[in-house]
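Let's take a friendly tour of a protein model together. Keep the sequence and the 3D view open as you read.

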Amino acid sequence: MTEFSDKVNITICGGGNGAHTLAGISSLVPNACVTVVDVFENEAERWTNALANYGFTVRFSKDVMLHQKPGKVKFRVTNDVESVVPHSDILIICVPAYTHEIYLNLISPYVPETCPVVGMPGQPGFEYQALTILQEHGRKCKVMSIETLPWACRISKYGQEVDVVGTKEEVCYTLIDKLSKGNPSKRLDPVSVLQTILGKKPQLAKEENMLKYTFLCRPTIHPPIMYARWKNWDGKPLDKPPLFYQGVDEDSVRYMDGVTDESVKIAAAVTEIFPSMDFSGVSTMQEWLLDHYTDQITNKQTLLTCLQTNKAYDGLLHPTTKTADGKYVPDFTYRYIREDVPYGLIVVRQIADFVGVETPVIDEIILWAQEKLGKQFIQHGKLCKLDRTDGRLPMTYGINTIEDFFNFFK
Ligand code: NAI
C-alpha cells in the first residue's frame, strides 16, 4: 500500500455504502487521519457503537477483506461538523446528490481555503452548486468532482461491514480552481491524495470539458431501467425484489439506448457550435460498460448480455420496501430516481434545450418520474423553474445558455 509522507486529515461526509467503503480503505493508508462526519438521523451514534463492538470490515470477496479490530479502528465517526471541518486537509462528500446541498451548507462556514472539496461522486451539476454555495460563504477552495463512485458496494451490517462487489478501471474527474485563483498558499493536490487512497484501481483521469463530464456521469443508467420495469406495474406486491441490472429485458435496453442516443445527439449539436470541443467518450451504454468493467463482463456481445453478465452487478436488486405481509413494493424514493432525475436527467434536458435538440425518450422518463416523486420538472413540454432544493437545473444557478455554462467555470 502506498502512503502519505506527512499526516493528511481526511474528512468524509456521509454515512451510506460509499462512505463506509471510503472510510475503511482510506483509514488504512499510513499517515491518513480519517474522520467521518455523518449528520443523518442517529447514524453517527450507531456507526460509533458498531465500531466499538465489532470493529470494521471492507469485504472484497470471501477471502479478501480489510479488517480493523474493535478498539483498533483507525477512523472515527461524529456529527460535529464545527469541530472537524476546520482541521481538514481534504473534504470528501460521499452521499447521494440530493443531500449535497445539506452538506455544502454545513461545511461552507468552516472549510479552510487550503482544503479542496470533493464530490465523490459529484453527479451532474455538483461543480456549479458547490462553487455557488462556497462562494456565498466567501470560501476559496478548489472544487473537484468525480464521475462516479469507484466501487459498486453495499453495506451488509451498518457501521460494521461493507461488501465491495466491483471496482471500476478508470473514473474521470474535473478540478476547478475558480475560487482559489491567485491564492499562493500551499495547497494539497486532491488528485494525488485520492489516487493514493484508491491504489491502482480505478485510475483517475482528468476531464477538461465540463459539459462532456456532465454526460460522462451517466444519469442515464438507472432511470430507464426503473421506468421499463415499473411503468406498467399493476400495484400488486411481489414475492421478492427483482434483479436490477441482471433482470433487464429488451424494453429496458431500448430505453437505455434511447436516452444515450439523445445524449450523443446533444453532444453533436454542441460540437456544431464549438467545433474544437471534444466529446469522445460520450458513447453508447455498451461501450461505457465495456470501458468500466472490462474484466468483469463475461458475455460482451450486446448491451443486454453485458448487463446480465457483469459480475460487478451480481445480485443487485431493484429498490423495494417490505409490506406488512412480507411482500415487496418498489421504492420510488430511492436514489435511482430521486437522485438521477433531479440531479441528472433534468440537467441533460436543459442542455438539450440550450442547443435545440429534442429529447422524447428523456422527457417520457422524466414525466413518469416526476409523478412518482410528487414534483414537477416538465410542464407542457417545457422545463419548470425549480428551487435549489428541488434539483440542480442549470438555470437555478443563473446558467441560461450554453455559453453561460462554459463561462461559469472561468
Ligand atoms: P446511499 O444510498 O448508501 O446513501 C445513503 C446515505 O446518505 C444515508 O445513510 C445518509 O448517510 C445519507 N443521507 C441520506 N439522506 C440524508 C439527509 N437528508 N441528510 C444527510 N444525509 C443523508 O448512497 P451510496 O450508495 O453511498 O452512494 C453515494 C453516491 O455514489 C450516490 O451518488 C450514488 O449514486 C453513487 N454510486 C453508488 C454506487 C454504489 O454501489 N453504492 C455505485 C455508483 C455510484
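## About the model

This is a predicted model, in which local features need pLDDT of at least 70, side-chain atom pairs count only at pLDDT 80 or more, and totals for chains, interfaces and linings use all residues. Residues are numbered from 1 along each chain as its sequence is written, and side-chain values use heavy atoms, with hydrogens and water left out.

## Salt bridges

The structure holds 15 salt bridges. The term stands for a side-chain nitrogen of Lys or Arg within 4 Å of a carboxyl oxygen of Asp or Glu.

One of them joins the side chains of Lys201 and Glu169, at 3.5 Å from N to O. This pair links distant parts of the chain, 32 residues apart: Lys201 sits in the loop between α6 (190-198) and β12 (203-206), and Glu169 in the loop between β10 (161-167) and β11 (170-176). These labels come from DSSP runs numbered from the N terminus: helices (H or I, at least four residues) and strands (E, at least two). Lys201 is partly exposed, with a relative accessible area of 34%; here buried means under 20%, exposed over 50%, and partly exposed in between (1.4 Å probe, protein chains only).

Asp234 is exposed at 56% relative accessible area, and Lys236 is exposed at 57%.

Now find helix α9 (residues 250-273), where Asp251 and Arg254 lie 3 residues apart, about one turn of the helix. Their salt bridge brings the closest N and O atoms to 2.8 Å, and Arg254 counts as exposed, at 51% relative accessibility. Elsewhere, salt bridges that share partners join Arg59, Glu161 and Asp163 into one network.

## A space inside

How many cavities of 30 Å³ or more are there? The count comes to 1, and the largest cavity has a volume of about 60 Å³. On a 1 Å grid over the protein atoms alone, a cavity is a set of points where a 1.4 Å probe fits but cannot get out, and lining residues have an atom within 4 Å of a point. Points are joined across faces, edges and corners, and the volume is the space filled by probe spheres set on them.

Residues lining the largest cavity include Phe215, Leu216, Arg218, Thr260 and Val348. The elements giving two or more residues to this lining are α7 (210-216) and α9. By class, the lining has 5 nonpolar, 4 polar and 1 charged residues. Nonpolar covers Ala, Val, Leu, Ile, Met, Phe, Trp, Tyr, Cys and Pro; charged covers Asp, Glu, Lys and Arg; the others, Gly among them, are polar.

Note on methods
1 Å grid on protein atoms, 1.4 Å probe; cavity = no way out; pocket = protein on both sides within 12 Å on 5 of 7 lines; lining within 4 Å.
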